[in-house]
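Subject: Structure for you to look over

Hi,

I am handing over the structure we talked about. Please open it first, then read my notes below.

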Amino acid sequence: MKKLIGFLSLAMIVTANSAYAENNNNELTGDTKLACEALLCLSSSTRPTECAASLARYFGIKDPKKWAKTVIKRKNFLKLCPTSDDNQINPIVENIIDDVTPIRTDCTAEEFNKLVEKTIRRERSEDGIVSTTYYRTKTTVPDYCENLAKKSYLDVKLPTYSCSGNYYKDEDWKNGFYTARGQNGKVQKFEIAKNCWVN
């Protein structure tokens, strides 16, 4: 409910500013116009094609070295949308920044397939009890991606995990295959599926 109220307040602010600009024969242009459009688009649960230019401008704002500076620059861009009441617009900008800036390219199947987790098992062997390391493609998504997916207005769709979730011995994982008896009863090589996350 708070998100809806925030979005409606934002829409009223932007509409009022647009009306003010029209009444004064001074139509919003350039970054000022894009900032207002970006505010609406980032707060909406849908992203029509009309959002393309403003969102490209917003996500194009980056600092090559520090993410914190990127956040500051993006905040300043959004605040270019004119309003007579900063107490209304500032909390909305902060909320958008907190929820949207981490998206980048982190929450994709390609990135999830790079995440590997390991476990160490103590097993009996000819040499006694030994510790063996096992690996698999990580079966859970990062917390920040999970949180983004819960934001109803961002419409973030997470990939799904398609593998068995089995762990594989260190040597097998590195080689990319493991050996086991097939349906014909003979020992065979089986490829280890590592690209487990699919869109």
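Strands β5 (residues 177-181) and β6 (residues 187-191) pair through five bridges. Their sense is antiparallel. Phe 177 stands opposite Glu 191 of β6. The two strands form a hairpin, with five residues between them. Look at Gly 185 there: its phi is positive, near 85°. How many of the five residues of β6 are buried? The count is zero, so the strand is hardly covered.

Please keep in mind that this is a predicted model.

Now the overall picture. The protein has 199 residues, and 31% of them are buried. There are eight helices and seven strands. The accessible surface comes to about 13,000 Å². Carbon and sulfur atoms hold 49% of that surface. Take the contacts in the protein with a separation of 6 or more: 56% of them join residues 24 or more positions apart.

Next, the sheet. Three strands make an open sheet in the order β1-β2-β4. The pairing is antiparallel. Which strands stand at the edges? They are β1 and β4. Each has a single partner strand, so one side of each has no neighbour in the sheet. As a reminder, strands of a sheet pair through backbone hydrogen bonds, either parallel or antiparallel.

Here are the pairs within that sheet:

- β1 (residues 116-125) and β2 (residues 128-137) are joined by 10 bridges and run antiparallel. They form a hairpin with two residues between them. Glu 123 has Val 130 of β2 as its bridge partner.
- β2 and β4 (residues 168-169) pair over two bridges, again in the antiparallel sense. Tyr 135 has Tyr 168 of β4 as its bridge partner.

On to the helices. Helix α2 covers residues 30-43, which is 14 residues. In general, an α-helix has 3.6 residues a turn, so residues three or four places apart point the same way.

Glu 37 also lies in α2. Is Glu 37 buried, partly exposed or exposed? Its relative accessibility is 25%, so Glu 37 counts as partly exposed, given that buried means under 20% and exposed means over 50%. Leaving aside neighbours within four places in sequence, Glu 37 is in contact with Glu 50 and Ser 54. Glu 37 and Glu 50 are 13 residues apart along the chain. Their C-alpha atoms are separated by 8.8 Å.

Last, a pair of helices. The axes of α3 (residues 52-59) and α4 (residues 67-78) come within 9 Å. They cross at roughly 145°. Which residues make the contact? From α3 they are Arg 57, Tyr 58 and Phe 59. From α4 they are Arg 74, Phe 77 and Leu 78. Four residues of this contact are nonpolar, two are charged and none is polar.

Over to you.

Best wishes

Definitions and conventions
Residues are numbered from 1 along each chain as its sequence is written. This is a predicted model: local features need pLDDT of at least 70, side-chain atom pairs count only at pLDDT 80 or more; totals for chains, interfaces and linings use all residues. Side-chain values use heavy atoms; hydrogens and water are left out. Two strands pair if DSSP finds at least two bridges between them. Helices (H or I, at least four residues) and strands (E, at least two) are DSSP runs, numbered from the N terminus. Buried means under 20% relative accessible area, exposed over 50%, partly exposed in between (1.4 Å probe, protein chains only). Contact means heavy atoms within 4.5 Å. Accessible areas come from the Shrake-Rupley method with a 1.4 Å probe; for residues, only the protein chains shown count as cover. The expected span of a helix is 1.5 Å times one less than its number of residues. Axes are lines fitted to C-alpha atoms, for helices over the stretch in contact, and angles run from 0 to 180 degrees between N-to-C directions. Ala, Val, Leu, Ile, Met, Phe, Trp, Tyr, Cys and Pro count as nonpolar, Asp, Glu, Lys and Arg as charged, and the others, Gly among them, as polar.
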